[in-house]
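Biologist: I would like to learn how to read a structure like this one. Can you take me through some features, one by one?

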Amino acid sequence: MRIMKFLGSIGLVASAALALSACGNKSNNASNQNAAKVKFPEAVPTKAKKNGGTLKVAIETDTPFKGIFEDALSTDAVDSTVAQYGDESLFHADKNYNIDNKGACTFKINYKAKTITIKIKKGVKWSDGKNVVAKDIEYPYEILASPQSGTQRYTSDLADIKGMAAFHAGKAKTISGIEMPNGANGNTVIIHFYQMHPGMNMIGTGYFWMEADPYHYLKNVPMSKLESSDQVRKSPLFFGPYKISKIVRGQSVTWVPNKYYWKGKPHISKIVESVISTDSAAQAIKSHKFDIIDVPNTQWSQVKNTKGYHFIATIPLSYDYLAFKVGKWDKKAGKCVMNKNSKMNNKALRQAIAYAMNIDQVEKKYTNGLTFRVNTLIPKSFGKYYDGSIKGYNYNLKKANQLLDKAGYKKKGTYRVQPNGKPLTIYLAAMSGSSEQEAITQNYIQQWKKIGLNVKLTTGRLIEFNSFYDKIENDAPGVDMFLGAWSLSAELSQADLYGERAPFNFSRFVTKRNTQLINEIDSAKAFNDNYRRKVLYEWQKYMFNEAYVVPTTNSYSITAVNSKLTGLSEKNGTTLGWNDVAFVK
């Protein structure tokens, strides 16, 4: 459950159609059954391939993409989507999310020695022809641990690597626990840990990094200037199947084959990605403007009968959520600090707000059964670790009013006041997105008015994606609660999202019980799968009851693919990559 990225325009278009579309009058089962009626293939048909052709891809976002093409510094899904044709992970995973040896590197874990050994395969090269070497695997850890780099990805889990904390604190010039036995230009890296954790063999874990950086290309750039450098923004190097030939900042990227790609030359001659607004997606599909384009769920009915496309889909490891600000990030101490006097630090208030959301009604109106409510912060896709006994905050105005009455939020006219008698105005931050986003958000504001809560939008309007996360990350004033979305990896640790020392714990809640449960999830005892499952159930119940972060929905992620393309799949564990995608003969 490691944080991979936070979702934005691409994700949160879905989010309005996702998060705002599945919780309500009817039971959760009704919503899930509705979604289950929709069937999509996960892959396009396999056909004979030809070489050549230009692939036109839509990037759906209502704001320019940032263009931070370095994984330790990037945090949003849009940049990851833009970079996917060249930005390849060091590792590959099977259908159960376990790292196998089909990627650019082999992976060997030794629990007794508390090490992970990574070996780079022969022929893995950067797009400038230089070999990927051990230093390229080690260098991202320096970026992650450097206070000057500005990364948000340094966590307590990475501090389990020997020497990381000392490097982060400026007490060491190298990271002692990252060994390069054949030298910096060799092919082997051994990472030494203070302790081992369950799930370390899975893709996306936050215990170690899964990307490389071209040290020879970046080494002369000061850490403080790395994010804004041309090497990251204008002409980044990758070892994946394609390399960048042109960038129009924030608007488009053109890719051509990486002739040094370790799996051989890819089939497509050129890939052109172009930004379009979310509201333009349906028209772009009907006019066949793109070969690959995501389908916003709110627009599915408009495009579902369009000829010339295969519509493939998956339910991603992600969820949308409503979160409440109850503290601040202490940069100096490197941890979340909770404010016991915070406006939103009242469990009854948080629960009432959640119960007042009519998400099932919204889902029925806007998303054609493609969005469904999630009850807990462990999505159903995680199988036995998901606690289906938790019913979530289904729509219940009566219960919401009772909670507020009992907690002392008395009505004075239209709205309630705080238990201390002072006026109560709650400021909600929500991202701009599709044309439905405004209507959906206003719907919730009206629902909260029904229980006597005066909720207003932060800044008075929906907020552009980059500005939104800037406010959330920096604990800007005028944000009491916010609607966000997470894209997850397969590992079930919660430390990077909800731990005391997690920068991504945007609510900034810290409790003794939460810390205890998170530590237990990652403890040595949790190598016993039954024990880990038990603690994960306890954590889900605890988080449901405390309601600092309330999960709302997940949704089908649908992609329209030109029927003349083959080799594209949404299946987990597929060995296909962008080098396998081609036009058919």
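Modeller: Start with strand pairing. Two strands pair if DSSP finds at least two bridges between them. Keep in mind that this is a predicted model. Now take strand β15, residues 318-324. Seven bridges join β15 to strand β23 (residues 481-488), and the two run antiparallel.

Biologist: Which residue of β23 is the bridge partner of Ala323?

Modeller: Phe482 is the bridge partner of Ala323. β15 also pairs with strand β24 (residues 549-551). That pairing is antiparallel too, with three bridges. There, Tyr321 stands opposite Pro551.

Biologist: How many residues of β15 are buried?

Modeller: First, the general idea. In a regular strand the side chains alternate between the two faces of the sheet. Now the case here. Seven of the seven residues of β15 are buried. On one side sit Ser318, Asp320, Leu322 and Phe324. On the other sit Tyr319, Tyr321 and Ala323. Both faces of β15 are covered.

Biologist: What about strand β3: how many of its residues are buried?

Modeller: Five of the seven residues of β3 (residues 54-60) are buried, so β3 is largely enclosed by the rest of the structure.

Biologist: In which sense do β3 and β12 pair, parallel or antiparallel?

Modeller: β3 and strand β12 (residues 270-276) pair in the parallel sense. Seven bridges make up that pairing. For a landmark, find Val57: Glu273 in β12 stands opposite.

Biologist: Now a single residue. Is Thr254 buried or exposed?

Modeller: Use the cut-off: buried means under 20% relative accessible area. Thr254 has 14%, so Thr254 is buried. Thr254 lies in strand β11 (residues 252-257).

Biologist: Next, a whole sheet. What is the strand order in the open sheet of four strands?

Modeller: The order is β6-β7-β9-β8, with antiparallel pairing. The edge strands are β6 (105-110) and β8 (178-179), each pairing on one side only. Step inside the sheet and you find β7 (residues 115-120) joined to β9 (residues 188-192) by five bridges. Lys119 stands opposite Thr188 in that pair.

Biologist: Which helix lies across β6, β7, β8 and β9?

Modeller: Helix α4, residues 134-145, lies across those strands. Its direction is at about 35 degrees to β9.

Biologist: How do I read two packed helices?

Modeller: Two packed helices are described by the angle between their axes and the distance between the axes. Angles over 145 degrees count as roughly antiparallel. The crossing is right-handed.

Biologist: Which residues of α11 and α13 make the contact?

Modeller: From α11 come Ile359, Val362 and Tyr366. From α13 come Glu436, Ala439, Ile440, Asn443 and Tyr444. By class, the contact of α11 with α13 has six nonpolar residues, one polar and one charged.

Biologist: At what angle do α16 and α17 pack?

Modeller: Helix α16 (residues 512-521) and helix α17 (residues 529-546) pack at about 155 degrees, with their axes 9 Å apart. That makes α16 roughly antiparallel to α17. The crossing of α16 and α17 is left-handed. Residues in the contact include Leu517 and Ile521 of α16, and Val535 and Trp539 of α17. The contact of α16 with α17 divides into nine nonpolar, one polar and four charged residues.

Terms used:
Residues numbered from 1 in each chain as written. Predicted model: local features only at pLDDT ≥ 70, side-chain atom pairs only at ≥ 80, totals over all residues. Heavy atoms only, no water. Buried < 20%, exposed > 50% of the residue type's maximum accessible area, 1.4 Å probe, protein only. Left-handed = near helix turned anticlockwise from the far one by under 90°. Contact = heavy atoms within 4.5 Å. Nonpolar A, V, L, I, M, F, W, Y, C, P; charged D, E, K, R; others polar. Axes fitted to C-alpha atoms, helices over the stretch in contact; angles between N-to-C directions. Parallel < 35°, antiparallel > 145°, perpendicular 65-115°, else oblique.
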